[in-house]
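The exercises below are to be worked with the sequence and the coordinates open. Each task is followed by a solution in steps.

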Amino acid sequence: MAWDELCLQQWADPHDLIAHLVVLAARNSDVDALNLGAQAMRREAGELGDEHTYALPGGDTLTLAVGDIVRVRENDYRSRRDQGPDMLNGYRAVITAMDEHHRVEITWRVKDAKAPGGHRTESGWVSPQKVAGGALSLGYAMTIAASQGLTCNTSLMYGHGANAFATYPGITRARRQNHLWLPLAVLEDEQTRARLGESRSEKERLERAIDAFARFLGQSRPDGIVSDLLQEPPAPAPLPRQRDLSAEEARAGSERRLRQSRMAQAGRAKSVSLSHRRAQDEAQREEQARRSEEKAKQLLARIQAGAEERAVPSWTKRIYGAVSPQELNRLIAEGDRLATDAEAEATEAETQARELAARLDHEKATSRPTRGQRFAAEAGEILDQATAHVSDARGHLETAFAAAGHAEDRARQLAKLAESEGKGRIALRLAGTSLKEYRELTQSLTGERAAYLQTEADAKRDARQALREARDVVQHSRFADSLGVARTPVPDHVEKAAERLVEMRSIAERAATAWTSGTVTPSAAPPGRRASSGGTPPATAPRQPTPAPRRPCAPRSPKKFPELYDREATGRHAHQQAQQAQQAAQHQQAAVAHPEPTRFRGRGLR
């Protein structure tokens with residue numbers, strides 16, 4: 001059974017995986033390959049979270065992710081420093097968190113008879129410096145030597161590279177299942193493979209792998225004792241006898257040393273020349289690198305400038321793109337003047353608003369209602385009466401809706417009873433009823449349904465009558481014209497009538513504000529009298545300040561994009577000339593189509 005199948009079927013929790021499964025190999029290189037493979041499978045399955053790669057001594061790297069199983073590789077007695085539980089060498093834990101500083105939090109299980117399940121979890125944070133120093137490693141797999149004393153439920157062992165003295169403890173780590181994986185392509189020699197050929201079945205492949213592994217185990221020899229290999233040291237070698245040098249030999253030795261000194265000086269001079277040449281080459285390379293960097297910067301600046309220039313909208317798409325610089329300056333001056341006028345109008349409107357507020361405060365302090373307040377109060381009473389009628393209509397409609405539901409329920413029951421129509425007495429008796437009960441129930445349900453349908457019809461009629469009365473209350477009042485209901489039909493829906501009453505209240509409030517502020521039209525009648533047309537004319541709204549027009553931007557400076565400025569100026573000039581030519585052609589066509597009348601002098605024609 002494969003490692004990923006065991007993880008998914010039996011131990012989905014990484015802590016259970018640590019407690020019940022161990023993956024073993026004899027060599028550290030095989031352990032590293034197994035760890036990376038298990039991590040890749042979990043990453044592909046989406047079981048790992050955020051990850052970070054740490055640089056290890058010697059140029060290696062270690063990638064850890066949230067959810068990875070790791071193994072502690074050094075002792076850290078944190079309890080002595082009051083920094084949490086001890087983190088000891090050999091612990092297998094799960095990475096449960098990783099912060100923005102690349103610290104990792106590992107969590108491991110500790111046996112505790114008092115805790116639920118017989119164990120509890122402890123956790124601690126490991127700094128990125130310790131991770132880079134080798135304090136953690138991936139813990140999906142371990143060497144057979146590191147598993148000494150470990151017992152679990154299932155063991156998966158990679159057999160290649162393990163001798164007989166490592167295989168025995170490797171296949172005895174588990175209580176239930178011990179799986180041994182043997183790579184036939186590696187264990188079987190070339191002569192045997194050439195003699196037997198390719199395996200024709202899984203059984204033959206397994207037998208050949210076991211046979212090759214057994215031959216490999218048979219070559220294992222126990223370790224010997226070092227003392228058995230020790231022998232007596234050999235006799236010391238005799239030293240050569242010393243003799244005096246002659247004058248010729250001394251002179252030859254002196255000349256030889258002189259030649260060696262000259263050769264050494266020539267070598268040093270050559271080395272100095274070579275160093276100077278290397279220094280010059282290095283300086284040239286640095287200069288070339290500096291020039292290349294400057295060219296790259298200039299190219300990048302041109303690319304950025306080109307991107308900014310392309311981001312500028314075309315003059316044909318801008319609001320004032322077709323306007324000449326002189327006309328644009330005139331529009332800017334005109335916009336400034338209009339803005340000044342708008343600010344003056346706004347100041348005037350603000351002054352009028354303050355005066356109106358002061359007058360309203362004065363009238364409120366003297367407890368005298370204004371004309372607008374009296375108008376709003378009287379219109380509000382009419383609208384309150386109409387609102388009451390609308391509420392009555394809503395109640396009638398709710399009654400009609402409930403009656404319709406009851407009638408529909410009785411109809412369903414009658415339809416269900418209709419299924420039993422035509423059955424004989426014996427069939428009805430077997431069903432727990434009788435023909436008499438069936439007829440009585442049918443008559444009762446039919447009468448109730450008719451009563452509910454009559455109730456629904458009466459309620460809808462009452463609702464329409466209430467809506468008609470609500471319309472009549474407002475329409476027959478002296479506010480009908482002001483509220484816009486002089487000749488409106490009866491509303492067909494309660495919610496529309498309610499929304500219309502809300503609009504009428506808003507109209508009445510605005511009219512009252514207009515009466516109070518004195519901004520009504522001169523032909524408007526006082527609120528207490530009926531106008532000749534039968535209602536109060538609507539009040540005109542207070543004069544609002546004229547909004548300032550959109551101010552055109554100043555002409556684009558030619559210093560930043562001179563080529564773009566020249567192209568736009570040329571295109572704008574050509575566009576203006578084309579417009580002028582088109583206008584001249586239109587005037588000429590109009591003159592030909594409608595010539596001016598000719599004036600004759602003297603006598604008219606006879």
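This is a predicted model: local features need pLDDT of at least 70, side-chain atom pairs count only at pLDDT 80 or more; totals for chains, interfaces and linings use all residues.

**Exercise 1. The antiparallel sheet**

Give the strand order of the five-stranded open sheet, and find the bridge partner of Val 110 in strand 7.

Solution. 
Step 1. The order is 7-6-5-4-8, with antiparallel pairing.
Step 2. Strand 7 (119–126) and strand 8 are the edge strands, each pairing on one side only.
Step 3. From one strand to the next, the twist averages 40°.
Step 4. Strand 6 and strand 7 run antiparallel and are joined by eight bridges. In strand 7, Arg 120 is the bridge partner of Val 110.

**Exercise 2. The parallel sheet and the helix across it**

Determine the order of the four-stranded open sheet, and state which strands helix 3 lies across.

Solution. 
Step 1. The four strands are arranged 9-1-10-11, and their pairing is parallel.
Step 2. At the edges are strand 9 (141–143) and strand 11 (174–181), each of which pairs on one side only. The twist from one strand to the next averages 30°.
Step 3. Strand 1 (residues 21–25) and strand 10 (residues 152–158) run parallel and share five bridges. Opposite Val 22 stands Ser 155 of strand 10.
Step 4. Helix 3 (residues 28–44) lies across strand 1, strand 9 and strand 10. The angle between helix 3 and strand 9 is about 175°.

**Exercise 3. Two loop residues**

Where do Ser 147 and Gly 134 lie, and which burial class does each of them take?

Solution. 
Step 1. Ser 147 is in the loop between strand 9 and strand 10.
Step 2. Its relative accessibility is 1%. The cut-off for buried is under 20%, so Ser 147 counts as buried.
Step 3. Leaving aside residues up to four places away in sequence, Ser 147 touches Leu 24, Met 142 and Arg 173.
Step 4. Gly 134 is in the loop between helix 4 (128–132) and strand 8 (136–138). With a relative accessible area of 30%, Gly 134 is partly exposed.
Step 5. Gly 134 and Tyr 54 are 80 residues apart along the chain, and 9.9 Å separates their C-alpha atoms.

**Exercise 4. Pocket and cavity**

What is the volume of the largest pocket, and which element supplies the largest share of its lining? Then list what lines the largest cavity.

Solution. 
Step 1. The largest pocket holds about 660 Å³ of space. Its lining has 20 residues, and those closest to the centre are Ile 18, Ala 19, Arg 92, Arg 109 and Lys 111.
Step 2. Helix 2 (14–20) and strand 6 (104–111) each supply at least two lining residues of this pocket. The largest share, four residues, comes from strand 6.
Step 3. There is one cavity of 30 Å³ or more. The volume of the largest cavity is about 60 Å³.
Step 4. That cavity is lined by Val 72, Glu 74, Asp 76, Arg 78, Met 87, Val 126, Lys 130, Ala 135 and Leu 136.

**Exercise 5. Span of helix 13**

Compare the end-to-end span of helix 13 with the expected span, and name some of its buried residues.

Solution. 
Step 1. Helix 13 (residues 435–475) contains 41 residues.
Step 2. From the first C-alpha to the last, helix 13 reaches 60 Å, close to the 60 Å expected at 1.5 Å a residue.
Step 3. The buried residues of helix 13 include Tyr 438, Leu 445, Glu 456, Ala 459, Val 473 and Gln 475.

Methods. Residues are numbered from 1 along each chain as its sequence is written. Side-chain values use heavy atoms; hydrogens and water are left out. The expected span of a helix is 1.5 Å times one less than its number of residues. Buried means under 20% relative accessible area, exposed over 50%, partly exposed in between (1.4 Å probe, protein chains only). Two strands pair if DSSP finds at least two bridges between them. Axes are lines fitted to C-alpha atoms, for helices over the stretch in contact, and angles run from 0 to 180 degrees between N-to-C directions. Contact means heavy atoms within 4.5 Å. On a 1 Å grid over the protein atoms alone, a cavity is a set of points where a 1.4 Å probe fits but cannot get out, and a pocket is an open set with protein on both sides within 12 Å along at least five of seven lines; lining residues have an atom within 4 Å of a point. Grid points are joined across faces, edges and corners, and a volume is the space filled by probe spheres set on the points.
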